[in-house]
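User: Please take me through this model, beginning with a loop residue and ending at the ligand.

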Amino acid sequence: MKEELEKIKINTLKEIASSSSIDEIESIRVRALGRKGELTAILRGLSKLSHEERSETGKLSNEIKAALEEAIEKRKSEMENAAVEAMIHGDRIDLSLNSPDSTIAKKQGHIHPISQIQYELEDIFTSMGFEVLDGPEPELEYYNFEALNIPKHHPARDMQDTFWTEDGNLLRTHTSAIQIRGMEKKTPPFKIMAPGRVFRYESTDASHENTFYQVEGMMVDKDISVANLIYVMKELLRQIFRQDVKVRLRPGYFPFVEPGFELDINCLICGGKGCSVCKQSGWVELLPCGLVHPNVLRFGNIDPDKWSGFAFGLGLNRLVMMRYGITDIRHFLSGDIRFLNQF
Ligand code: PHE
């Protein structure tokens, strides 16, 4: 019995060592250790042996079983490693090679039209001496409302309903929050601009989105007047649209400016005659602006008796829509490649 066991062990180990596939190993395993295998048969026959022989043979066959199992596992993992190695070295694809199909090159992406106009504006503003600032999208209530002269329970908060986090913060409803952050960082005189994504809790339609883009601008210096504001706005629009643009100011209400305005531009699509974009009025509302409210300067640690300033907010979506004649704001975030490919 002992000899028979040793023979099984030696033969099986040899076979395992010379096996060349996982399938082959598996069949060796079944033949030696399976339910009807050689070793199992011997173990079954143990009951016919004497007590002493039984325990000795039992022990030996268990040892052999363990040794064979170990050898099988080892050989199997050697083979698996070899297969992976072969795949790594044999299956090389050089991704840097040019595709013979030239249409693939045409599918390269490009900068989103909103980002394009944002970069242009950054260039225009920096050429006029403005510094570009950034601010967080999740914002403190203080920066978004409180310090902008919109205390809790002020009805103006209703105009800018937003998304609140459970710990009482919010997604900023406008880039004006960066006015305060800017004032905290800078000492007058200064000129800052801040582009960014803003959010409103809003039902969407062709001209309303819950997520859109603005650029904030602010200038603080001595004796700033509405004339300064209008000059900078006109210069800005002239550079954006590459032509002189006629503007008009209407009173507008924002608690953080006094006086506050809506600056309209003469419709560039119809030249002022009236069309669907300007709703037949000849004018397009583009730029809310005004002189910075003394309370807001105080919140920014600036003495309103010494300094004054103007601020404005520019909607980037609206600007891109005017430039390309886009009639539905929802295209911007649709992710529709047919829309994006046009820019
Ligand atoms: N933050 C205002 C809005 O989003 C726009 C604005 C900016 C108005 C600066 C005046 C001055 O509606």
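User: In which loop is Lys279 found, and is Lys279 buried or exposed?
Analyst: Lys279 is found in the loop between E7 and E8, where strands (E, at least two residues) and helices (H or I, at least four) are DSSP runs numbered from the N terminus. This is a predicted model, in which local features need pLDDT of at least 70, side-chain atom pairs count only at pLDDT 80 or more, and totals for chains, interfaces and linings use all residues. Residues are numbered from 1 along each chain as its sequence is written, and side-chain values use heavy atoms, with hydrogens and water left out. Because its relative accessible area is 71%, and buried means under 20%, exposed over 50% and partly exposed in between (1.4 Å probe, protein chains only), Lys279 is exposed.

User: What is the phi of Arg242, and where does Arg242 lie?
Analyst: Arg242 lies in the loop between helix H9 (226-241) and strand E6 (247-251), and with a relative accessible area of 64% Arg242 is exposed. Phi is positive here in a residue other than glycine, at a value near 55 degrees.

User: Which residue does a cis peptide bond join to Pro189?
Analyst: Pro189 lies in the loop between H8 and strand E4 (190-199). The peptide bond in question has an omega of about 0 degrees, and the residue that it joins to Pro189 is Pro188.

User: Which residues come nearest to the ligand?
Analyst: The shell around the ligand has 15 residues, a residue being near if one of its heavy atoms lies within 4 Å. One of those that come nearest, His174, is found in the loop between strand E3 (170-171) and helix H8 (177-185) and counts as buried at 3% relative accessibility. The nearest are His174, Ser176, Arg200, Gln214 and Gly313.

User: Which element gives the largest share of the shell around the ligand?
Analyst: The elements that give two or more residues to this shell are strand E5 (211-221), strand E8 (283-292) and strand E9 (308-315). The largest share, three residues, comes from E9.
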